[in-house]
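Here is a short report on one protein model. Keep the structure in view as you read.

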Amino acid sequence: MTLFASSVSAAWRPAFADTRPEVSPGSFVAEIAPGVYAHRGQIALYAPANEGDISNAGFIVGREAVAVIDTGGSARIGARLHQAIRSITPLPIRYVINTHMHPDHVFGNAAFEADQPAFVGHHKLARGLGARADRYLSINKEALGEEAFAGTKIVLPTLAISTPTVLDLGGREILLEPQKTAHTDNDLIVRDRQTGTVFLGDLLFSEHAPTLDGSILGWMAVLDTLTKEPIQRVVPGHGGPSMPWPDAAAPLRHYLQVIADEIRAMIKANRTLSEATERVGLSEKSAWSLFEDYHVRNVSAAFAELEWE
């Protein structure tokens with residue numbers, strides 16, 4: 001195993017440009033680039049019928065080992081991802097990487113404990129997830145029900161990433177880059193250097209209404225930086241599962257800008273938070289699924305941040 005820090009965050013060039021997914025064995029995942037697989041979760045809220053399968057996940061296969069990126073919203077979904085990996089390769093699962101702390105991306109971790117991988121995350125992930133563990137478990141157990149939630153638990157990172165770090169899967173390097181506060185304060189992106197594929201986690205939403213749990217200004221800044229980079233394809237946290245870059249970022253970046261601009265106008269006019277939640281961003285409603293479930297929370301979080309600009 002090789003593990004070393006990289007001082008150059010984007011010093012790589014992709015080798016492939018084809019973004020057409022191929023259906024893999026079992027159809028739970030698609031091979032979106034050579035050796036890179038992604039699973040598309042449902043655009044939905046937690047419910048017994050979907051067993052917590054409401055976010056994207058994936059894995060990358062090297063000559064010696066496998067790295068998993070996100071594991072789904074329950075131990076059952078994690079187990080299905082594990083089965084998909086085993087239908088493709090017997091190589092050891094060396095890393096399980098979580099792109100951020102939200103339950104729909106980390107609750108499948110338990111299905112990989114027997115493989116004894118390094119559980120990898122942003123250096124702030126353990127603190128954030130640990131502080132919310134009881135609430136996350138309680139709320140989502142109630143949403144899924146006893147049967148669908150069985151076996152689900154919090155598995156905290158054993159390897160914390162605080163600087164750009166390269167993991168070697170055997171002839172295949174993946175670059176992990178911790179981000180400043182954006183979607184959350186513990187966002188981590190995963191780049192496959194060989195194919196130019198980047199797993200963005202919830203730094204990118206497609207179809208599913210965005211959820212702001214960090215900084216709207218930070219999120220826009222991260223997107224502005226990433227859209228200038230030579231990325232061939234991205235895997236969003238929701239939607240997709242393989243999208244061309246930078247086009248995939250445009251709807252989300254527009255949504256965030258609309259929210260910021262309209263909140264600033266309301267603050268300047270001495271309008272209240274209550275008024276903002278009723279008026280801001282309504283032009284975006286038709287563009288996003290689950291808009292009514294998440295939009296008001298986004299406005300509230302953004303208002304609290306922007307009134308102190």
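## Strands and their pairing

Two strands count as paired if DSSP finds at least two bridges between them. The model shown here is predicted.

Start with strand S5, residues 57–61, and strand S6. They pair in the antiparallel sense, over four bridges. A hairpin of four residues joins S5 to S6. Within this pair, Gly 58 stands opposite Ile 69 of S6.

S6 has another partner. Strand S7, residues 93–97, runs parallel to S6, and four bridges join them. Here Ala 67 stands opposite Tyr 95 in S7. How does the chain get from S6 to S7, and which hand does the crossover have? It passes through helix H1, residues 75–88, and this β-α-β crossover is right-handed.

## The two faces of S6

In a regular strand, side chains alternate between the two faces of the sheet. Now look along S6, residues 66–69. Val 66 and Val 68 point one way. Ala 67 and Ile 69 point the other way. Are these residues buried or exposed? All four are buried. The cut-off for that word is under 20% relative accessible area.

Ile 69 stands opposite Gly 58, and Ala 67 stands opposite Tyr 95.

## The largest pocket

The largest pocket holds about 700 Å³ of space. Its lining has 24 residues. Closest to the centre are Pro 103, Tyr 136, Asn 140, Tyr 294 and Arg 297.

Which elements build the lining of this pocket with at least two residues each? They are helix H2 (103–106), helix H3 (125–144), strand S13 (197–205) and helix H8 (291–306). H3 gives the largest share, six residues. By class, the lining has eleven nonpolar, six polar and seven charged residues.

## The second largest pocket

The second largest pocket has a volume of about 250 Å³. It is lined by 15 residues. Nearest its centre lie Pro 178, Gln 179, Lys 180, Val 222 and Thr 225.

Strand S11 (173–178), strand S12 (188–192) and helix H5 (216–226) each supply at least two lining residues. Which of them gives the largest share? That is H5, with five residues. The lining divides into six nonpolar, five polar and four charged residues.

Key
Residues numbered from 1 in each chain as written. Predicted model: local features only at pLDDT ≥ 70, side-chain atom pairs only at ≥ 80, totals over all residues. Heavy atoms only, no water. 1 Å grid on protein atoms, 1.4 Å probe; cavity = no way out; pocket = protein on both sides within 12 Å on 5 of 7 lines; lining within 4 Å. Points joined across faces, edges and corners; volume = space filled by probe spheres on them. Nonpolar A, V, L, I, M, F, W, Y, C, P; charged D, E, K, R; others polar. Buried < 20%, exposed > 50% of the residue type's maximum accessible area, 1.4 Å probe, protein only. Right-handed = clockwise from strand over helix to strand, strands pointing away.
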